Amino acid sequence: MTRYQSLQQHPIQNIQIWFKIFIPKNIPGITRQVKNGINQGKTYVPHPVPLSGLGYLTDQRGFSSDKAASARATIPVNINLGGLVPLATGISFSDETFEIEVGREVVSCSRLATRWVKPTVVGTAVRTGEVITVPIEAEPANPCSPVSEVIGKVDVRGVIKIDLYRMSIEFDGMIAPVPAYEMYAQADNGPVVTLFQCEPIPGSSFSSLIGSASRRLKVRADLNGTGHRVDGTLFGSQTDTLFEVSPRYLNGGEYCR
């Protein structure tokens, strides 16, 4: 029996995808440690305006496929294939942001990113033969700092493509140099598949984030988990040289795996 015949007899009913934008606990040259108070030992990033005397706690973690892992933005996409046409749904959300006064180490603001965050746009799923495409877009900003609507705003936009014949999932889109980005997928009750985990580009900062995302990322992975990376390419923001996505530094510091 071919793979296609097997899929016809046991069709996939549901595909869950979760895309997270988070601030890692440690970013060389950016994060600093809280020295006193109830958040002692945790890390923070300074406000994009140096003289403000403010900072923001990180998500205190590294990469994780846990759907509940803390993030500045979580973009869930659920694709239901049980009907006549594929249905894609998803509402982005953010974990609470904590602003601290550096030196005094007291929390001066704690808010969920609801007012200042533009919601995720999950477009209509389109099925052509065995290929399903879904566009996504999100622009999370800092709810404790309105200036982040202009400076320090991170964003993501792109297209998710699912090939039911090849049992693969692809993301082709744009992300920012900072902070960290990760994307995972799961078909029905199958294995959780890692599409990518991208660390911040060394030397980048939140104060340099003005305008749209500048890093193009294109990666494809196997949905059944047997081939972690079927095919992947990353187009660097510095040059247009094509690289394979692998566990190594790419484009002189653009690190994705």
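Student: Where in the chain does V107 sit?
Tutor: V107 belongs to strand 8, which covers residues 106-111; here strands (E, at least two residues) and helices (H or I, at least four) are DSSP runs, numbered from the N terminus. This is a predicted model, in which local features need pLDDT of at least 70 and side-chain atom pairs count only at pLDDT 80 or more, whereas totals for chains, interfaces and linings use all residues. Residues are numbered from 1 along each chain as its sequence is written, and side-chain values use heavy atoms, with hydrogens and water left out.

Student: Ok, and is V107 buried, exposed or partly exposed?
Tutor: V107 counts as partly exposed because its relative accessibility is 37%, where buried means under 20% relative accessible area, exposed over 50%, and partly exposed in between, with a 1.4 Å probe and protein chains only.

Student: What does V107 touch, leaving aside its neighbours within four places in sequence?
Tutor: With those neighbours set aside, V107 is in contact with N39, F98, E99 and I100, a contact being heavy atoms within 4.5 Å. I38 is 69 residues away from V107 along the chain, and the C-alpha atoms of the two are separated by 9.3 Å.

Student: How many helices and strands does the protein chain have?
Tutor: The protein chain has 1 helix and 20 strands. Of its 257 residues, 48% count as buried, and among the contacts with a separation of 6 or more, 57% are between residues 24 or more positions apart.

Student: Which side chain has a polar contact with the side chain of D163?
Tutor: The side chain of R166 does, at 2.9 Å. A polar contact is a pair of N or O atoms within 3.5 Å; within protein, one must be able to donate a hydrogen and the other to accept it, and residues adjacent in sequence count only if both atoms are side-chain atoms. Beyond four places in sequence, D163 is in contact with E130, V131 and S168.

Student: And where is S168 found?
Tutor: S168 is in strand 13, and it is buried because its relative accessible area is 5%. Not counting residues up to four places away, S168 touches K161, I162, D163, R220, A221, D222 and L223.

Student: What about F171, where is its place?
Tutor: F171 is also in strand 13, and it is buried because its relative accessible area is 0%. F171 and L195 are 24 residues apart in sequence, and their C-alpha atoms are 8.0 Å apart in space.

Student: Now the backbone: what is the phi of M167?
Tutor: The phi of M167 is near 55 degrees, a positive value in a residue other than glycine. Such a value stands out because most residues other than glycine have a negative phi, and most peptide bonds are trans. M167 lies in the loop between strand 12 and strand 13, and it counts as buried because its relative accessibility is 10%.

Student: Is the peptide bond from V178 to P179 cis or trans?
Tutor: That bond is cis, with omega near 0 degrees, and P179 is found in the loop between strand 13 (168-175) and strand 14 (180-187).

Student: What is the phi of D188?
Tutor: D188 has a positive phi of about 50 degrees although it is not a glycine. D188 lies in the loop between strand 14 and strand 15 (193-198), and it is partly exposed because its relative accessible area is 30%.

Student: Last topic, what volume does the second largest pocket have?
Tutor: Its volume is about 230 Å³. Of the 18 residues that line this pocket, the closest to its centre are N26, I27, P28, E199 and P200. On a 1 Å grid over the protein atoms alone, where a 1.4 Å probe is used, a pocket is an open set of points with protein on both sides within 12 Å along at least five of seven lines, and lining residues have an atom within 4 Å of a point. Grid points are joined across faces, edges and corners, and a volume is the space filled by probe spheres set on the points.
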